[in-house]
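Good morning, and thank you for coming.

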Amino acid sequence: MTTYKFLPDVERCIRCGGCEVACKQENNVPIGMRRIRVVTVNEGKTGEMNVPMACMHCTDPACLKACPAKAIYKREDGIVLVDKDKCVGCGYCAYACPFGAPQFHHGEGLFSFKGTMDKCTYCVLPYEGGAEKAPEPKCAAFCATKALLAGDADEISATYRQRAAMRLQKGEIPGE
Amino acid sequence: MSHIWYVLTYVFNQLAVGALIALVMAEYLVKDKKTLGSYEIASYIPIPAAIIGVIAICIPVLPQILNAYRLIFNITSSRMSMEVIVTVLFIVLALVYTLLWVCHPEYGSLRKKVGKIDEIADMIGYKNRLQIGTMAAVMGVALLFISGFNYVLPSQPVWNHYTTPLFFMVPALTLGPAAMATALSIKYKKAAKKEQTEYKKLLGTYLGFAWKLVLGATIVLIILQLLYLQFLQSPSAGIAGLMTVEQILDGEHTTLFLLRVATSMVIALVLLAGVAISLKAEAISRAATLSIGLFIVLFVGELLGRTLFFEACVHFYEVAPHLLL
């Protein structure tokens, strides 16, 4: 059984933002919301590192456990989705998720409603919903340096291990 | 600003629970029926406060309000579901308890005034009031505990500490008795000023009791604040804790933190000292005025405290990539 996962290879990410653009275009994600974002650590300093962060489609999702409305569910192939018709918009999943994956329309006004939660769907569902498509995440497909690995957990971890071994063979020190 | 409705909900819940606890405690301590009847005014606090809390929490989810019934669907694993259920139970019990006060045949101010509520109250039985009040108080404590425990999450290292639920529970013991003291002060201050010994004694007794309770809770709150600041700088809170403490002590939330300390702790203690001195000098009217001021200060302080709780928190996902280094 395939279990879909993401694996960011932080040594390769150059923060071009291609993943964010590809995601927004593919899924019609509105302004102010990002299903994936690149976070830079130690910007301008030694050890600068870019980390593409999206929903990790956790094996034991904290958001799923926290959701009081049972709006979040996990497919057999490991993809975690939200049923927007069931979501109340309480925002508790956003507190429970360690990766900041659940997104809400956070406004500044007193009456700016959050709306329902949106998150990375592994490109099986666009922002507005509809019929589920095949899991082919565009963020990984469009990644220029192939820093974002997506696919079956066993396959991508094997690819990552291979890369790490090659880097060690070349004498590269991670983070340098 | 995005957390304003949550802040209002929690503060009004604290007020509702605290006022109910104060009233139940008074009922346990006061044996004289006539004196007890004078406390009826305080029974008007819990339900309106709880309803304001419910309205406030409904506002951010208004577009999906028809789906709100779904909030109780995940009681097995979601603390939010438990919170919703306990809130409903608290409100129902507090409503029954209030009804038994305001419809009481001897001193109920709504007796024979509003429709058939007297009949409902008579049916429940006034002898059961204390038991119902105790159950409501227990449910209220559970509500505040779950509200705080909601935020004790591994994904939020800054909140993942035992002080978080305590920060939701302890202020109820400052707000509640102070609110009850305010209600009594507003009602009986004039009478006490006119040297009416009966009211003077009543106010003096209650203010003396509330004073000690609020002082104790304020001291606990100060200790909790110190323990929390210490925790933020510990390895368990990690980078998120260090960033939060920096924001609180020397960053964008310093003003908010100082205002919180000034209101809930410093000014509160000064006013408590004023109440104590006035009570000792038997200046009941002055003590009553100071008690009203104390409630306002504590209420504003708690609004600031809850705002700080949400605004100053550095979430795990903001610092998670640092852990890769």
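Let me start with one residue. Leaving aside residues up to four places away in sequence, B:Met80 touches A:Ala66, A:Pro68, A:Cys90, A:Tyr92, B:Leu71 and B:Asn150; two residues are in contact when their C-beta atoms, placed from the backbone, lie within 7 Å. This is a predicted model, in which local features need pLDDT of at least 70 and side-chain atom pairs count only at pLDDT 80 or more, while totals for chains, interfaces and linings use all residues. Residues are numbered from 1 along each chain as its sequence is written, and chains are lettered from A and ligands numbered from 1 in the order in which they are written.

Is B:Met80 buried or exposed? B:Met80 counts as buried because it has 25 C-beta neighbours inside 10 Å. The cut-offs are these: 20 or more other C-beta atoms within 10 Å of a residue's own make it buried, 12 or fewer make it exposed, and anything in between is partly exposed, with C-beta atoms placed from the backbone. B:Met80 and B:Tyr151 are separated by 71 residues in sequence, yet their C-alpha atoms are 9.7 Å apart in space.

B:Met80 belongs to helix H4 of chain B. Helices here are DSSP runs of H or I with at least four residues, strands are runs of E with at least two, and both are numbered from the N terminus. The axis of H4(B), residues 79-102, comes within 9 Å of the axis of H5(B), residues 117-124, and the two cross at roughly 105 degrees. Axes are lines fitted to C-alpha atoms, for helices over the stretch in contact, and angles run from 0 to 180 degrees between N-to-C directions. H4(B) is therefore roughly perpendicular to H5(B); that term covers 65 to 115 degrees, with under 35 roughly parallel, over 145 roughly antiparallel and the rest oblique. On the H4(B) side the contact is made by B:Val96, B:Leu99 and B:Leu100, and on the H5(B) side by B:Ile117, B:Ile120, B:Ala121 and B:Ile124. These residues divide into seven nonpolar, no polar and no charged. Ala, Val, Leu, Ile, Met, Phe, Trp, Tyr, Cys and Pro count as nonpolar, Asp, Glu, Lys and Arg as charged, and the others, Gly among them, as polar.

I turn to the two chains. Their contact takes 31 residues from chain B and 34 residues from chain A. H4(B) gives the most to the chain B side, with three residues. By class, that side has 19 nonpolar, eleven polar and one charged residues.

Next, the domains of chain B. The assignment gives domain 1 (1-150) and domain 2 (157-325); such bounds come from an automatic or database domain assignment. Their C-alpha centres lie 21 Å apart, and 24 residues of domain 1 are in contact with 23 residues of domain 2. On the domain 1 side, H1(B) supplies the largest share, twelve residues. That side divides into 17 nonpolar, seven polar and no charged residues.

Finally, helix H6 of chain B. H6(B) has 21 residues and reaches 30 Å between its end C-alpha atoms, close to the 30 Å expected, the expected span being 1.5 Å times one less than the number of residues. Its buried residues include B:Ile132, B:Leu143 and B:Gly148. B:Ala142 also lies in H6 of chain B, but it is partly exposed because 19 other C-beta atoms lie within 10 Å.
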